[in-house]
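Me: I would like to learn how to read a protein model, beginning with the whole chain and then turning to a single residue. Could you take me through it step by step?

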Amino acid sequence: MKTLVLGSGPSALAYLFYNPDAFALAGDQVGGLFAQQAGLGPQLLWHDKLAQNLMEDLGLPITTRQVKVGYIYRRTLLPREAMTDSEFEDFRNVYSLRTRGTKPIASHLSGGRSSFLAFTTPVDRIVQELAKQVALRLILGKAVFVDLYSRTVGSNQESTYLHYEKLVSTVPAPVLLSLIGHQDKIGQLSARDKTYLEVQTSALPRWARDAVELGFDYVYVVDEECTTPYHRVKFLGGEGGTAILEDTIQPGQTPPSSARLHRAGQIIGGSELLRSLPTYIETLGRYASWNHGIKLNQVLEIIAHGN
């Protein structure tokens with residue numbers, strides 16, 4: 001086949017949707033890492049022209065809302081506009097060091113926005129519609145090896161071998177490295193695990209209840225001593241609802257037994273390793289490219305330029 005896609009997450013499905021000659025080896029579960037996270041983490045498609053085109057092409061509603069972002073800075077709940085540039089940079093430096101052990105990059109903290117426009121249609125609904133549209137080009141099976149020289153992918157389905165001219169990998173970069181026999185290089189992809197813990201909002205400090213009343217959807221948290229056991233809070237269900245607490249697992253730290261663990265949740269660095277792949281191998285998506293700054297919006301832009 002001319003183009004073979006590895007994986008069937010949102011990036012893979014969007015690629016198939018706009019490239020009708022491509023096929024995908026779907027893996028274990030349509031939806032990829034997105035489906036495996038079971039609703040954890042951000043689940044929003046930011047609004048821009050290409051995202052709106054996708055929604056229109058899928059026949060989905062074009063309704064949007066402002067998603068409000070807050071920051072706990074020196075024990076005070078603040079919107080971005082209430083912070084000076086120096087205060088925000090101080091916040092971002094501490095946040096990035098705590099969660100990733102690195103200097104900040106532009107994509108940290110929702111890009112420094114106080115709010116952003118997003119579609120009200122949940123991403124899982126978008127993924128379901130994409131999957132339905134490309135279902136006939138999803139090949140059952142999981143890749144067990146990738147031979148870069150013969151341009152062959154082996155599947156676990158009855159010793160199936162798939163030949164390609166171009167391979168688009170949307171599976172996490174460590175998975176691709178393992179498939180091509182470069183397990184020894186996986187350690188160069190730096191990351192930290194992340195936990196998700198769902199609690200009643202009423203069980204959190206007063207600022208959390210204030211945040212709900214003020215309409216914040218997300219709040220990033222940094223305290224002076226960095227002792228708060230979470231760095232981002234996502235509010236669900238408004239007043240009387242629940243909140244998802246996100247925390248990065250530091251080396252040697254044991255996650256709470258009640259927390260759900262997402263491996264390699266925080267991408268730190270090492271993406272330059274992927275530049276050594278042959279030119280007929282492309283990586284597409286946040287975890288495939290090992291780039292925290294890539295959302296589905298950037299994937300759509302890459303696809304549009306490729307077309």
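Reply: Let us begin with the secondary structure: this is a predicted model, and its protein chain holds nine helices and 16 strands. The radius of gyration of the chain is 20 Å, close to the 19 Å that the globule rule gives for 307 residues, so the chain is as compact as a globular protein of that length.

Me: What share of the residues in the chain is buried?

Reply: A residue counts as buried when its relative accessible area is under 20%, and in this protein chain buried residues make up 49% of the 307 residues.

Me: Which residues is Ser110 in contact with, if we leave aside its neighbours within four places in sequence?

Reply: Contact means heavy atoms within 4.5 Å, and, with those neighbours left aside, Ser110 is in contact with Trp46, Val69, Phe116 and Tyr220. With Tyr220 there is also a polar contact of 2.8 Å, which joins the side chains of the two residues.

Me: How far apart are Ser110 and Tyr218 in sequence and in space?

Reply: Ser110 and Tyr218 are separated by 108 residues in sequence, while their C-alpha atoms are 9.6 Å apart in space. For the protein chain as a whole, among contacts with a separation of 6 or more, 67% are between residues 24 or more positions apart.

Conventions:
Residues are numbered from 1 along each chain as its sequence is written. This is a predicted model: local features need pLDDT of at least 70, side-chain atom pairs count only at pLDDT 80 or more; totals for chains, interfaces and linings use all residues. Side-chain values use heavy atoms; hydrogens and water are left out. A polar contact is a pair of N or O atoms within 3.5 Å; within protein, one must be able to donate a hydrogen and the other to accept it, and residues adjacent in sequence count only if both atoms are side-chain atoms. Helices (H or I, at least four residues) and strands (E, at least two) are DSSP runs, numbered from the N terminus. The radius of gyration is taken over C-alpha atoms; the globule rule is 2.2 Å times the number of residues to the power 0.38. Buried means under 20% relative accessible area, exposed over 50%, partly exposed in between (1.4 Å probe, protein chains only).
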